[in-house]
Amino acid sequence: MAHSETIEFYSDNDTYLFWNMDDVPVPVDTDLGSVSSNIERALFLMGFEGSLTIIVDCKKLKYTEEELWNAGHISYLPFSAKAYREGLVHPPVHMSYYMLLMAEDTGPMHANVAVITNSKSEPDSELHRVMHCLKSRGHNVLLVEPPSDDVDLFSVDSLFNNSRLLGGGKPISKKELTSDDRRRVYSWELKEDEDEDDDVSNLSSTKMLDFSEPVRNIKGDRTIIFWDAMGCPFPLSFSPDLIYEKIKSLLLEKGFSDNIIIWAYVDKYLGDKTWDSRIYFLPGGNESSRRIRMVNDMYLLSWDSPLRSHKGTLILVSDHFLCDPHYNELFGNMRHRYYNLILRVPNSRAIRKISDEWLRPLLGIVGKHFYNDSYFFWNMDDFPVPVDTDLGSVSSNIERALFLMGFEGPLTILNCKKLKYTEEELFNAGDILYLPFSAEAYGDVHPPVHMSYYMLLMVEDTGPMHANVALITNIKSEPDSELDRVMHCLKIRGHNVLVVEPPPDDVDLFSVDSLFNNSRLLGGGKPKSKQELTSDDRRRVYSWELTDDEDEDDDDDVSNLSSTKMLDFSEPVRNIKGDRTIIFWDAMDCPFPLSLSPDLIYEKIKSLILERGGFSDNIIIWAYVDKYLGDKTWDSRIYFLSGGYEASRRNRMINDMYLLSRDAPLRSHKGTLILVSDHFLCDPHYKKLFESMKYRSYDLILAVPRAIRKISDSPDEWLRSILLKIGRVPSEHSNTSEIPDE
């Protein structure tokens with residue numbers, strides 16, 4: 001279809017407009033609010049009648065977030081602008097990733113995507129490729145291209161005249177709508193089949209699966225590999241079929257699914273596929289381009305061929321994720337698509353030491369078995385490196401001491417709080433990472449996220465085998481701290497937890513002997529490496545073998561949720577099944593009326609939520625107070641947990657959300673997570689942590705108690721005012737709903 005041909009168009013689906021203000025800035029002396037209104041009006045004239053969200057991406061933002069929002073509910077990508085303006089560093093995540101993420105997050109209806117871009121200047125860019133990927137998956141994609149002359153793009157007429165649908169055609173609003181126009185098309189109507197059996201009929205064909213079309217024929221259990229073949233080249237003497245067979249042979253030796261598919265990324269297109277194996281070579285360009293394409297393709301794959309009830313492992317082989325906190329997090333988010341994750345770094349210390357074979361050490365296989373990963377958490381503020389001591393030697397001593405204690409798997413050392421080293425110095429000293437984000441991005445401001453959260457997050461990212469956790473801490477001085485609680489939570493869930501306690505005198509902690517002598521396993525015992533390994537020692541125990549039951553999640557089972565046991569996450573909470581409504585309530589920010597008993601509180605909340613409609617009646621409430629209230633003496637499924645002061649409660653609430661989603665995943669069921677708290681909405685770090693629960697398939701609602709403090713304290717009016725606006729059907733939207741200040 002010719003680009004200039006006019007076509008009648010109508011859609012009432014949501015529209016996301018992505019706008020790079022660096023490339024297409026607002027003209028001088030032009031009001032941003034009028035530009036926003038003109039965009040909305042022009043889209044309406046083209047037939048886009050659903051709600052509009054404008055999303056700005058630029059390296060240097062000249063507006064405040066408040067100015068953007070007030071001008072027309074414009075959002076800034078990808079994180080809180082304030083945190084990055086302070087560091088004057090723009091996050092390196094590509095806009096194309098957020099296009100995929102936002103389009104997928106819009107629920108069962110296909111969102112429209114509009115992009116203000118000069119696509120003619122970059123016809124082979126990743127942005128251009130992703131736009132075509134969205135189009136092939138059923139999304140309407142609108143291009144708004146700046147005129148070649150000095151005409152103002154942002155008038156209604158110019159926006160209308162310089163827009164076209166990807167694939168051709170200038171849209172104009174339909175005058176008369178048919179019943180088919182008014183009927184919403186749901187995403188599942190566009191699916192071709194169900195994920196019941198393995199079907200790899202076309203995966204060995206001569207077609208190069210490059211994600212330009214949906215990849216829907218990968219079914220059943222699977223092992224997926226994304227391989228940066230420029231950072232870790234295959235031996236030139238190996239054919240594609242031989243590469244595939246060698247990798248497959250090693251993975252099958254250790255019990256992975258034999259449904260193995262490999263995507264390998266090179267710098268440029270290598271030509272048509274002439275081999276039979278399920279290995280696909282895709283062009284990725286330079287280092288940064290390959291990395292963003294690999295992330296985008298992971299998300300496209302999980303979108304096209306979701307795991308559903310099957311088991312899947314995702315192996316990433318790349319140099320360029322581990323030390324980049326942004327991309328490492330994006331890869332880690334794939335666990336929310338139910339993949340077990342394994343990251344292999346070709347130049348890491350664990351691999352460089354082994355040179356006799358190319359493939360076996362790279363895939364983490366030493367001798368005849370895998371070793372579990374170990375994560376060593378170290379707060380350098382509290383336990384600094386001694387003066388005149390080389391950081392590299394400290395890293396080597398830690399590795400050697402752990403080896404003597406029997407921790408023989410790949411080691412990652414993680415440092416927290418204010419940083420006196422550069423990230424490059426940390427990594428060169430021994431693959432040490434800085435938590436939680438890039439130190440440069442935050443300048444002198446340390447993000448307030450607690451280390452205990454990252455402990456939970458990192459060990460969950462280690463795939464089906466339970467990672468080991470080691471940390472330097474003076475646990476005796478804080479026996480009731482959140483860090484202590486989370487360590488015990490990890491231990492009860494099958495992780496080995498090693499505590500390294502500083503000696504009481506002036507002895508150097510960081511010698512091999514001192515580290516060895518001052519370490520103990522949580523729960524007691526000083527570990528020492530076994531001299532002779534049995535077959536049971538060599539066999540890896542997978543996470544699913546540690547569950548108490550089959551946990552198929554077929555039916556609701558709340559048999560012990562109404563008992564007198566206070567479910568405080570000190571043990572796995574595995575008996576919550578089926579559809580559910582989960583509430584985390586800060587009872588210090590929003591106290592319950594003293595006249596209401598726990599049973600009455602629960603019944604009133606349940607009654608109001610069910611009155612709104614669209615919520616499961618399988619309702620469980622965790623309420624957080626400042627200190628322990630005693631044993632549970634009521635029947636209802638409401639649990640009062642001690643959280644301490646404001647910051648401590650917030651840390652615990654986030655940690656407990658992650659423990660719950662790990663213990664009792666939603667799988668194929670529907671779930672709504674309601675958070676009632678004052679202390680998330682205005683904190684970009686914690687708000688983001690809460691919003692990331694959407695990747696655990698929850699619909700999210702954030703209620704802010706301070707918005708209703710002027711309302712009477714009558715029990716019925718008090719509660720109704722908080723839950724009044726919670727009325728949407730959770731399955732129709734997956735973005736976070738907020739009850740804002742009034």
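## A buried arginine

Arg137 is buried, with a relative accessible area of 4%. The cut-off for buried is under 20%, so Arg137 falls in that class. The model is a predicted one. Arg137 sits in a loop, between helix H5 (126-136) and strand E6 (141-144).

What does the side chain of Arg137 make a polar contact with? The partner is the side chain of Asp304, at 2.6 Å. Asp304 belongs to helix H9, which covers residues 287-304.

## The chain overall

The protein chain has 742 residues, and 56% of them count as buried. It holds 22 helices and 27 strands. Take the contacts with a separation of 6 or more: 74% come from residues 24 or more positions apart.

## A parallel sheet

Five strands make an open sheet. Their order is E11-E10-E9-E12-E13, and the pairing is parallel. Strand E11 (279-283) and strand E13 (339-344) are at the edges. Each has a single partner strand, so one side of each lacks a neighbour in the sheet. On average, neighbouring strands are turned by 15° against each other, direction ignored.

Strand E9 (residues 222-228) pairs in the parallel sense with strand E12 (residues 312-317), over six bridges. In this pair, Ile225 stands opposite Ile315. E9 also pairs with E10 in the parallel sense, again over six bridges. Here Thr223 stands opposite Ile260.

Is E10 mostly covered or mostly uncovered? Seven of its seven residues are buried. Ile260, Ile262, Ala264 and Val266 lie on one side of the strand. Ile261, Trp263 and Tyr265 lie on the other. Both faces are covered.

H9 has 18 residues. From its first C-alpha to its last it reaches 26 Å, close to the 26 Å expected at 1.5 Å a residue. Fifteen of the 18 residues in H9 are buried.

## Nonpolar cores

In soluble globular proteins, nonpolar side chains tend to be buried together. The largest nonpolar core here has 157 residues. Which members touch the most others? They are Phe18, Phe226, Trp227, Trp263, Phe377, Phe584 and Trp622. A second, separate core has 32 residues, including Ile7, Leu32, Leu68 and Ile74.

Leaving out residues up to four places away in sequence, Phe226 touches Phe211, Trp263, Tyr265, Met294, Asp297, Met298, Leu301, Leu314, Ile315, Leu316 and Val317. Among these, Trp263 and Tyr265 are buried residues of E10, on one side of that strand.

## Helix H16

Helix H16 (residues 482-492) is mostly covered, with eight of its eleven residues buried. The buried residues are Glu482, Leu483, Asp484, Arg485, Val486, Met487, Cys489 and Leu490. Just after H16, Gly494 takes a positive phi of about 100°.

Definitions and conventions
Residues numbered from 1 in each chain as written. Predicted model: local features only at pLDDT ≥ 70, side-chain atom pairs only at ≥ 80, totals over all residues. Heavy atoms only, no water. Core = buried A, V, L, I, M, F, W, Y, C linked by side-chain atoms within 4.5 Å. Buried < 20%, exposed > 50% of the residue type's maximum accessible area, 1.4 Å probe, protein only. Contact = heavy atoms within 4.5 Å. Helix = DSSP H or I, 4+ residues; strand = E, 2+ residues; numbered from the N terminus. Polar contact = N/O pair within 3.5 Å; in protein donor to acceptor, adjacent residues only side chain to side chain. Expected span 1.5 Å × (residues − 1). Pairing = 2+ DSSP bridges. Axes fitted to C-alpha atoms, helices over the stretch in contact; angles between N-to-C directions.
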